[in-house]
Amino acid sequence: MVPENGELVFIDNNGDGKYDVVSISSFETNTIVKYISKTDMYVSDKYNENSGICLDESKYDSLEIVDKNANPVNIAQIKAGDVITSAKSFDGKIMTAIVGSTSVIGKLNSVQ
């Protein structure tokens, strides 16, 4: 039940030393940004034309867009080439999106 890419949060609501709730966040969607429509609040995926992420706050009860350090990110700050890792609740009403823009430059010498 441990997500491959996510977290488990155990909550003791009444202070009795026993966990009452487990909150599971499983980040499964990785999108490499190709284009951002600021009017539609939609981010299209570079490698999958049929995939993307809706970042329209009116579509969710809760939408959190942050960077890797949990700082808030505005859609205007997202650019082509960024990677967005996202997770939605089962009912689709809550979404968290983590925006990363780290790039790596190097030389590949061999492949095994």
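**Questions on a predicted model**

Student: Which strand holds Phe 10?
Tutor: Happy to start there, with the reminder that this is a predicted model. Phe 10 touches Tyr 19, Val 21 and Val 22, leaving out residues up to four places away in sequence. The element that holds Phe 10, made of residues 6-11, is strand E1.

Student: Is Phe 10 buried or partly exposed?
Tutor: Buried means under 20% relative accessible area, and exposed means over 50%. Phe 10 falls in between because its relative accessibility is 43%. Phe 10 therefore counts as partly exposed.

Student: How far apart in space are Phe 10 and Lys 59?
Tutor: Along the sequence, Phe 10 and Lys 59 are 49 residues apart. In space, from C-alpha to C-alpha, the separation of Phe 10 and Lys 59 is 28 Å.

Student: Let's move to strand E3. Which residue is 6.4 Å from Lys 34, C-alpha to C-alpha?
Tutor: Lys 34 lies in strand E3. Setting aside residues up to four places away in sequence, Lys 34 touches Ser 44, Asp 45, Lys 46 and Ala 80. The residue you want is 47 residues from Lys 34 in sequence, and that residue is Gly 81.

Student: Ser 44 came up there. Is Ser 44 buried or exposed?
Tutor: Ser 44 sits in strand E4, which covers residues 42-45. Its contacts beyond four places in sequence include Thr 31, Ile 32, Val 33, Lys 34 and Tyr 35, and Ser 51 and Gly 52 are also among them. The cut-off for buried is under 20%. With a relative accessibility of 17%, Ser 44 therefore counts as buried.

Student: What is the phi of Met 41?
Tutor: Met 41 lies in the loop between E3 and E4. The residue is partly exposed, with a relative accessible area of 22%. Although Met 41 is not a glycine, its phi is positive, at about 55°.

Student: Which residue other than glycine has a positive phi near 70°?
Tutor: Look in the loop between E6 and E7, where Ala 70 is found. Its relative accessible area is 55%, so the residue is exposed. The residue with that phi is Ala 70.

Student: How far is Asp 40 from Asp 56, C-alpha to C-alpha?
Tutor: Asp 40 has its place in the loop between E3 and E4. It is exposed because its relative accessible area is 53%. Asp 40 and Asp 56 are 16 residues apart along the chain, and their C-alpha atoms are separated by 7.3 Å.

Student: How many salt bridges does the structure hold?
Tutor: Asp 82 forms a salt bridge with Lys 79, and their closest N and O atoms are 3.3 Å apart. Asp 82 is buried, with a relative accessible area of 3%, whereas Lys 79 is partly exposed at 45%. The number of salt bridges in the structure is one.

Student: What is the volume of the largest pocket?
Tutor: The largest pocket is lined by 18 residues, and Ser 26, Ala 87, Lys 88, Ser 89 and Phe 90 lie nearest its centre. Strand E2 (21-26), strand E5 (52-54), strand E7 (83-88) and strand E8 (94-100) each supply at least two residues of the lining. The lining divides into nine nonpolar, seven polar and two charged residues. The volume of this pocket is about 470 Å³.

Student: Last one! How far is Phe 27 from Ala 87, C-alpha to C-alpha?
Tutor: Phe 27 is found in the loop between E2 and E3. It is buried, with a relative accessible area of 15%. Phe 27 and Ala 87 are 60 residues apart along the chain, yet the separation of their C-alpha atoms is 4.7 Å.

How values were computed:
Residues are numbered from 1 along each chain as its sequence is written. This is a predicted model: local features need pLDDT of at least 70, side-chain atom pairs count only at pLDDT 80 or more; totals for chains, interfaces and linings use all residues. Side-chain values use heavy atoms; hydrogens and water are left out. Helices (H or I, at least four residues) and strands (E, at least two) are DSSP runs, numbered from the N terminus. Buried means under 20% relative accessible area, exposed over 50%, partly exposed in between (1.4 Å probe, protein chains only). Contact means heavy atoms within 4.5 Å. On a 1 Å grid over the protein atoms alone, a cavity is a set of points where a 1.4 Å probe fits but cannot get out, and a pocket is an open set with protein on both sides within 12 Å along at least five of seven lines; lining residues have an atom within 4 Å of a point. Grid points are joined across faces, edges and corners, and a volume is the space filled by probe spheres set on the points. Ala, Val, Leu, Ile, Met, Phe, Trp, Tyr, Cys and Pro count as nonpolar, Asp, Glu, Lys and Arg as charged, and the others, Gly among them, as polar. A salt bridge is a side-chain nitrogen of Lys or Arg within 4 Å of a carboxyl oxygen of Asp or Glu.
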